[in-house]
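New notebook page, new structure. I'll jot down what I look up as I go.

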Amino acid sequence: MTPDPTPAGRASRIGRSATILLGLMRKELLALRRDLHGLAALFLMPLMFIVLMSLALQNFWEPPRPPARYAVLDHDGGAPARALLQRWQARHGAAQPLPTDWRSAVRQGRLGYVLEVQRGFSARLTELIDGAGLDPARLVLHAEPGLDAAVLLVTQAELERGIGNLRARALLSELAPSALGGMSPDGVADFVTAQRVGALVRPNAVQHNVPAWLVFGMFFVVAALGSLFVEERRCGALARLRGMGVGPGLLLAAKALPYLGVNLLQAALMLAVGLWLMPLLGSPGLSLQGVDLAALAVVLLAISAAAVGLGLALASLMRTSGQALAIGPLVNVLMAAAGGIMVPTFIMPAPMQALAQVSPMNWALEALLTVLLRGGSLPQVQPLLWPLLALAGAALAVAAWGLQRRSPLE
């Protein structure tokens with residue numbers, strides 16, 4: 001039957017399509033409402049990850065500090081060594097009494113570390129020509145076996161800085177005593193200042209984990225959508241809809257729009273958790289200071305479109321519920337592991353950082369961080385959105401192809 005080409009005919013077809021679309025969307029919303037366990041997973045799982053991971057990694061984003069329990073073994077006793085140890089105690093608290101078998105105490109973790117100042121350390125420190133004719137006396141840091149590598153490096157660096165300051169003052173006192181007049185006790189530290197260029201807020205565990213697990217939660221619809229078409233084929237609903245002339249476009253739109261709404265509700269809940277719940281739990285809260293809210297909204301829409309499109313593409317290719325239950329979560333976890341959700345990309349080795357670039361979750365996370373941490377506006381974030389939008393378009397095309405090529409009864 002040839003479609004009526006008149007404006008009235010086109011209006012009739014549009015009205016019929018809109019009625020079918022609204023009816024199919026209502027069906028999807030009813031199915032979502034009945035699936036309380038699925039909804040709970042979509043909302044509660046990323047929420048719990050945000051809370052737990054933010055609290056667990058709270059200290060990771062702060063400068064690591066040496067353990068409080070330490071002792072000193074001073075074989076030197078010179079004035080420079082005493083000055084170094086006094087300044088160390090001023091910053092890190094009083095030293096513990098040195099046990100007789102201090103090596104066992106360190107090895108068993110009863111002491112975090114022992115600072116051993118070897119004999120001749122002060123003389124070598126103040127020698128104009130570094131250690132000329134002197135024994136290579138050192139300050140030795142004996143750390144317990146379980147001390148975190150980052151803490152060990154920071155502790156060593158702080159000791160080296162203290163020694164450098166003392167040596168600089170000793171040399172200046174010999175070469176140019178008047179130069180010490182305006183120098184603070186920190187000496188060379190006066191010449192260095194570190195700051196973040198254009199940073200709106202200081203990065204912390206919440207600022208990273210809210211965007212990261214928000215992205216993970218939005219992409220979790222991949223798992224939720226996995227079995228939709230399988231169940232509709234099994235019960236015959238897809239065959240009936242195809243018999244009524246409902247094409248792939250309407251079918252996909254009816255499923256995509258409700259899940260886009262679910263994703264945006266997820267995002268609002270995750271942001272609210274970071275803004276208001278995390279401070280109540282003793283953690284720094286998420287800050288939206290200076291954030292371009294229009295850019296944030298567009299980024300969330302692009303992430304949701306990519307996630308829903310990918311979910312529909314996989315759903316259209318699934319043959320059994322078992323496949324859907326296995327493949328959807330697997331794809332999600334792999335994208336998260338490679339994309340910087342579980343482990344920040346900046347601490348990954350170079351090969352893993354390169355691998356992260358192919359994960360859609362990494363594209364989404366970088367876009368969110370650009371808005372939330374770097375103060376990115378819509379024009380600045382726009383190049384990061386094209387991969388997400390391209391994924392959404394390609395995935396929907398695959399989903400339409402998958403629905404067309406397969407019998408609704410298959």
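Predicted model: local features only at pLDDT ≥ 70, side-chain atom pairs only at ≥ 80, totals over all residues.

What share of the contacts in the protein chain with a separation of 6 or more comes from residues 24 or more positions apart? I looked it up: such residues account for 79% of those contacts.

**Overview.** I get 16 helices and 3 strands for the protein chain. The chain has 410 residues, and buried ones make up 41% of them.

**Helix 7.** Helix 7 covers residues 205-219, which is 15 residues, so at 1.5 Å a residue I expect a span of 21 Å. Its end C-alpha atoms are 21 Å apart, so the two agree. I also looked at how covered helix 7 is: 15 of its 15 residues are buried.

**Helices 11 and 12.** For a pair of packed helices, I want the angle between the axes and the distance between them. Helix 11 (residues 248-280) packs on helix 12 (residues 293-317) at about 135°, and the axes are 9 Å apart. That angle makes helix 11 oblique to helix 12. I have their crossing down as right-handed. On the helix 11 side, the residues that meet helix 12 include Leu-252, Lys-255, Tyr-259 and Asn-263. On the helix 12 side I find, among others, Leu-296, Ser-304, Ala-305 and Leu-312. Sorted by class, this contact has 14 nonpolar residues, 2 polar and 1 charged.

**Ala-302.** Is Ala-302 buried or exposed? Its relative accessible area is 4%, so I put it down as buried. Leaving aside neighbours within four places in sequence, I find Ala-302 in contact with Leu-385, Leu-388 and Leu-389. I also noted Ala-392: it is 90 residues from Ala-302 in sequence, but their C-alpha atoms are 8.2 Å apart in space.

**Helices 15 and 16.** Next I took helix 15 (residues 360-372) and helix 16 (residues 378-405). They pack at about 150°, with axes 9 Å apart. I call helix 15 roughly antiparallel to helix 16 because of that angle. Helix 15 passes helix 16 in a left-handed crossing. Helix 15 makes the contact through residues including Pro-360, Trp-363, Glu-366 and Thr-370. From helix 16 I wrote down Val-381, Leu-385, Pro-387 and Leu-388, among others. By class I get 11 nonpolar, 1 polar and 1 charged for this contact. Leu-385 and Leu-388 were already on my page, as contacts of Ala-302.

Notes
Residues numbered from 1 in each chain as written. Heavy atoms only, no water. Helix = DSSP H or I, 4+ residues; strand = E, 2+ residues; numbered from the N terminus. Expected span 1.5 Å × (residues − 1). Buried < 20%, exposed > 50% of the residue type's maximum accessible area, 1.4 Å probe, protein only. Axes fitted to C-alpha atoms, helices over the stretch in contact; angles between N-to-C directions. Parallel < 35°, antiparallel > 145°, perpendicular 65-115°, else oblique. Left-handed = near helix turned anticlockwise from the far one by under 90°. Contact = heavy atoms within 4.5 Å. Nonpolar A, V, L, I, M, F, W, Y, C, P; charged D, E, K, R; others polar.
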